[in-house]
Structure formats: structure tokens, C-alpha cells
Amino acid sequence: MAAPAAIELKNLSHWYGVGSMRRQVLQGVNLQVAAGEVVLLTGPSGCGKTTLLTLVGALRQVQQGSVQVLGQQLADASRGERQRLRRSIGMIFQGHNLLRCLTAEQNVQMGSDLLPGMSYRARRDQAREWLRSVGLGDELHKLPHDLSGGQKQRVAIARALAAHPRLLLADEPTAALDSQTGREVVELLRRLAREQGCAVLMVTHDPRILDIADRLVRMEDGHLMEAERPTIAATP
Amino acid sequence: MSLHGRLTRWWQTRRIPLALLLLTRQPVRLAVALAGISFAGILMFMQLGFRDGLFDASVTIHRLFDADLVLISPRSTSSVSMAGFPKRRLVQAMAAPEVEGITPVHWNLLLWRNPETRGTRSILTLGFEPNDPLFTDPSLAPKARLLTQKGRVLFDEQSRPEFGPVAPWFKAGRTVESEIAGKRVRVAGLVGLGTSFGADGNLLTSSETFLELLPNTPPGSIEVGLIRLKPGSDPAVVAKRLQAQLPSDVTVLTKQGFIDFEQNYWRTSTSIGFIFTLGAAMGFVVGCVIVYQVLYSDVSDHLPEYATLMAMGYRLLSLLGVVAREGLLLAAFGYLPAYAAGQGLYWLVRSATQLPVFMDTTRAVTVFSMILVMCMASAALAMRRLADADPAEIF
């Protein structure tokens, strides 16, 4: 395969705290996510999943091991290098984290505003296009306040994708949604990511959505292990 | 690139106006901020306006003199304590080829008895030869002729009402008589001069009457000597030469120098300037506190959103720019009502106190600069809160 792996972790370890309070949360983690691959990460809470996500998302300084994201080594990356890399990474959070004072359209445009060399109008049209493709073409000018939970999460997806990311990180995107809405949101997420050739690493507790993954990994006490491909979809 | 090209490019590359939206979509917070800034601006306008107005008012009379150069005693400190010097010095100055004419002036505060209530109050009295020019205003000359009769005075109708209803009585055709230093005087006419800091009212009289009212004045001594120069001569040069030629018991000033001498006294030797400047500074500090509070809580409330933007790849610098732009917008929006209210209040002050308080460009610019500094400094302090926006914490 020609394209570099979206994510390549080698022997990644991470600690929190200092002195006697120092606690290891990641213990020699190895993981590869190919370009365009959808990988789901499960595991009990407090096992280090979110820490892994923040390290891959270039939000935290790497302490030990190698983290290569989209071909860039993050182990010794400066603050500025990490900030620039983040522009290629879309992030979807547990809460929607939309800007409360912006309309749906303006929120999505905050994503496309990061793209260089495009006129304001082009970026705005693109934001509208993304909102239509997540099924919110009629809610362009609503504030987050006036949208339902599922709608807000769909705006967040549109915002994440509007910056043309090559990697999408999602932290329990269905946590605040009912099961049917959650299912719709992740399916939309997978479809759009596929269309963009964008790799996805998603942390989830939700057993009903595991079947959308190309691959499942499970984390326990800072160790990572490959998990069985879920069989829900296959059960009659 | 042409300006038009630049503007088009700027317009094309613009982003969502986050600062503006943050402010306008939170109307209550915006209203609080604008009220605070306007209040601070109004306070600064008022204090600085009063200060400048009072300094301006201290030289109401000084501005009226028909003179290019003014001689005073070096012992004089201000219009309320003018010392005498030999009138001979003024005559000596006549020797200079540029000098066209001179007017010796007696100047003192005398006790005027209110003709209605019989109470006394000190009034600035100028004594001069009725045939000499005193003020640039030509309407004085015919009235001055009335002073050739002994015991006659011209009363300033803009004097404060505490001196008695002199002007209305006079206009009604009554003979208005009063007492100065125990001597009877009669009002021969009215003039319009204006009050100042040091003098609540003004009185003009002839030298002869003046000396009668103040018999202890040493003979040949005057307080102010007015010198008029021939057209085309440079007052500053002549003043310098006269100062060198004349003995050191006189000081030669240009007319502007005479005005500055008076204003300088009020500015430096009294606490007036300090008090009003302090008042303006208070407004500045109050404004700072309010704007800082508003911006700080605004940043705090939106901390997760700022962190999200950082996680999306926005630079910290562009987020600092958002806070800075909020400060800039607040300064602009807050200044306009302050300016309008300042105009209104100046009008009110003018009509209530006769103080010459006007909105001049310098003060308008000064207050805007203060508001700008206030908002930007507050924004800079509030920005420190942004350092707490850690994108790693939002997952």
C-alpha cells in the first residue's frame, strides 16, 4: 500500500502526576490505523482511551514512545507543529462543543475557515453543503440552543469534516443521544468519512454501533489488544 | 496592489466575525459593558471639560485687553494678587520705536456693597484713563467717556447675582448707587465682560476714581501696563529687548504670555488641575474594572469553546485576536454614547454656570484614546484567562 498509515503508535507510554502520585495510564501501546480505515476503541472507563485520543490528536505532549500521525512524528513536535497538524484532524467530542453564539452554518464555517485560499463565499457555500449532507439543510440559521441533541452532533460532524481532515477522532459521539439517533449519527459519520477517504478512530461504549467498524480494538489497564469483529450484524 | 484590490482581497479572506457575534449575541453583557464604558467616558469628559473650562475662565478679562505687550510687577502672582510697579517704566517703554501707544491700568479687588442687601463682596476693579483704549471691543469707548465724571463706574452685567440686581435696576432706568470702601459710587453704564475664577464680578472706573477709592495706593504706581505695537512688529522680539532695557522691577510679557501667566498660576499653584485630573483618572479606573470584568467572564464562560477552536487547529494568537477585537469593538461602541452625552452635559454646564466648556477636538480625541487604552488593557488582562483553555481537557 502506497499511502502512509493514518496512525502508527509504537511502544507508547504515558504517565499522569508526579512523585508518589505518578500513575501510568498507557503501557507500551502499539496500534496502526490505515488511511481510510474505521477503527473503534472500546474498554472500561479510566483505562486510558481518552488519553490515547488526545495524544493522537496532537493535543498533548508525547512522553515516551513513537506517535506518527498522517506521516508526522509527534514525539518531539513543537507546539506550533502540533497546532498545524491539528488542522488535518477532525475532532468530535462527547458533548457537541458547538459555539453557542454562532448559528449552525457559522459553526460549520469555523471549520472551513481553516482552509487556505478560499473566498468567504466559497467557504460559506461549502459549510451549507456539509449541513445539507448531514440532513440539516433547513436549519442553517438556527443557534445550537434551538437544535436537538442529534442535530447538534450532526452539526459537529459537519464542522469536523468541513476542514477536509484526513483523520477523524471521535470520543463517544453517541453518549448524549438515544440509541436510534446515535446509530444514525455514526452511520452518517462512517459514510461521509468513507467518501472523503478519511480514517476514523472512535472511542465508544455503545455496543450497538460496534458493527460499523472495520476493526475493533480493546483497551484494558493501559494495554491494547485486538478484539473480535463484532457479530451483531451477522446474527440472524 | 491597488487599494481596491487589497480591500477585495481582505473581504474575500475574512472569516466569521466571532468577536462581533460574541458581543451581539449576548445583549445583556454587551449592555453592561457599554454602560460602564460610557459612564467612564462621560466622567472623563466632564472632569476634563471642567478643568479646561475653569482654566479658560480664569483669563476672561485677560483676553479682552487691547495690547500686544503687557508689563506687570515680578511680584504679581495672579489676577487676585497683583502688585504695583512704577508707571515710569511704561513711559520708558514708549522710547522703543515699535511702540504705538500705552495704557496704564490700576487693578485690584475692592469690596462692593450690594445695593439691595447691603452685604459686601469683593469685585475686580480696573482703573484707567477714560480716553485710553483698554479693550479691543470698540463699544467700550463711548461708555468710557461717562467715567470722566468722578465717582462713576461701569458695571459688568455678567457679574454673579450676589452683587445685587444692578443690571435690571439700571435697565429699568433707576439710578443705581452703591458703596466701595466706604465711598459712594454711581453706575454710569453696563458692560459685558464675564466672570472668571478669581473674580465673581468686574467693575471699570477712571484712574482718578480708582485712586479715590484706594487712597493708600503709592503715587505713580500701577499694576498693569498695556503696550500696543505698530503693525508688523514682532511682539516676542520687542518684549525681549524691553525686558533687557528696563530695570528688573517689571516683567515684560506678550499678551499670550500674560494669559499663560494667569493660567499657569491656577494650573500649578492650586489643586484645581490635580483634582479634576484625578477625577478623570477615577473614571478611567472604573471603566477598566468594568471592561475587565465583562471580558474576563466572557472568556471564562466560553473557555470550552475556545479550547475546541484550539483543538480544531486555530492558533492561540488568532484567539487572542478575538478578545482584542472584542475590546476594540467595545471601545468604539461605548465611545459614541459618551460623546453624545458629553455634548449634552457641556450644554447644560454652559447654561447653568456660564463657564466656557465646549467639546473640542483635542479633548474628544483624548477621551477616545483613554477609552481605547482602557478596553485594550482590559482585553490584554482577560487574555491571560485563555491560557487556561487546554484543548486536551475537553475530551
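Two strands pair if DSSP finds at least two bridges between them. Keep that in mind as you look at the close-ups. This is a predicted model, in which local features need pLDDT of at least 70 and side-chain atom pairs count only at pLDDT 80 or more, while totals for chains, interfaces and linings use all residues. Residues are numbered from 1 along each chain as its sequence is written, and chains are lettered from A and ligands numbered from 1 in the order in which they are written.

**View 1. Strands S1 and S2 of chain A form a hairpin.** Strands here are DSSP runs of E with at least two residues, and helices are runs of H or I with at least four, numbered from the N terminus. S1(A) covers residues 7-16 and S2(A) covers residues 23-33, and seven bridges pair them in the antiparallel sense. Look for Trp15(A), which stands opposite Gln24(A) of S2(A). Six residues lie between the two strands, and Gly17(A) in the turn has a positive phi of about 80 degrees.

**View 2. Six strands of chain A make an open sheet.** Follow the order S6-S7-S8-S3-S9-S10, where the pairing is mixed. S6(A) (89-92) and S10(A) (223-226) stand at the edges with a single partner strand each, so one side of each has no neighbour in the sheet. Met219(A) has Leu224(A) in S10(A) as its bridge partner.

**View 3. Leu167(A) and Val291(B) touch the most other members of the largest nonpolar core.** A nonpolar core is a set of buried Ala, Val, Leu, Ile, Met, Phe, Trp, Tyr and Cys residues joined through C-beta atoms within 7 Å. Buried means that 20 or more other C-beta atoms lie within 10 Å of the residue's own, with C-beta atoms placed from the backbone. This core has 124 residues, and helix H3 of chain B (residues 27-57) gives the most to it, with 13 residues. Another core, of 50 residues, lies apart from it and includes Ala67(B) and Leu140(B).

**View 4. Chain B meets chain A.** Here 20 residues of chain B are in contact with 25 residues of chain A, where contact means C-beta atoms, placed from the backbone, within 7 Å. On the side of chain B that touches chain A, helices H2(B) (18-24) and H12(B) (303-312) each supply at least two residues. H12(B) gives the largest share, six residues.

Notes
A residue is buried if 20 or more other C-beta atoms lie within 10 Å of its own, exposed if 12 or fewer, and partly exposed in between; C-beta atoms are placed from the backbone. Two residues are in contact if their C-beta atoms, placed from the backbone, lie within 7 Å.
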